[in-house]
Amino acid sequence: MPASFDDVLTIDGDGCLSPAGPLVLDPGETVLRFDAWVFQTGGACMAFVLGPFGGTRWTTNPDPHDDHFGDRFQPGPATAMGLMVSKKATGQTVTFQWTRGILLK
């Protein structure tokens with residue numbers, strides 16, 4: 001899997017969070033855009049990062065007032081969804097999408 005979410009994300013003082021996780025790219029591959037959504041019943045956080053960028057991790061810094069919607073996050077299970085658009089060394093643009101359960105603390 002080229003990208004994922006950290007298994008546990010920490011809720012900040014505003015009741016929001018900064019989604020992040022590991023990143024595995026092919027040699028010469030760069031990320032053009034990375035979108036992340038985390039949601040629980042009643043609340044959601046949405047953020048994106050524009051590239052190009054590489055490395056072994058991705059992270060977002062959403063604004064708790066502009067990028068968080070609904071109720072504050074509570075400790076416990078949540079759903080995380082991501083979309084990565086990258087460019088391979090060959091010049092081909094590809095997308096990768098995933099959804100997984102995570103834990104908020």
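**Salt bridges in the predicted model**

D7 forms a salt bridge with R100, and the closest N and O atoms of this pair are 2.6 Å apart. R100 itself is partly exposed, its relative accessible area being 24%. The model in which this pair is found is a predicted one, and the structure holds five salt bridges.

A further contact is made by R57 and D6, for which the closest N and O atoms lie 2.8 Å apart. This pair, too, links distant parts of the chain, with R57 located in strand β5 (residues 57-59) and D6 in the segment before β1 (8-9), 51 residues apart. Both partners are partly exposed: R57 has a relative accessibility of 44%, and D6 has a relative accessible area of 22%.

E29 is paired with K88 in another salt bridge, where the distance between the closest N and O atoms is 3.6 Å. Because E29 lies in the loop between β2 (20-22) and β3 (30-40), and K88 in the loop between β7 (76-87) and β8, the pair ties together parts that are 59 residues apart in sequence. E29 counts as buried because its relative accessible area, 8%, falls under 20%, whereas K88, at 22%, is partly exposed. Through salt bridges that share partners, D26, E29 and K88 are joined into one network.

Note on methods: Residues numbered from 1 in each chain as written. Predicted model: local features only at pLDDT ≥ 70, side-chain atom pairs only at ≥ 80, totals over all residues. Heavy atoms only, no water. Salt bridge = Lys/Arg side-chain N within 4 Å of Asp/Glu carboxyl O. Helix = DSSP H or I, 4+ residues; strand = E, 2+ residues; numbered from the N terminus. Buried < 20%, exposed > 50% of the residue type's maximum accessible area, 1.4 Å probe, protein only.
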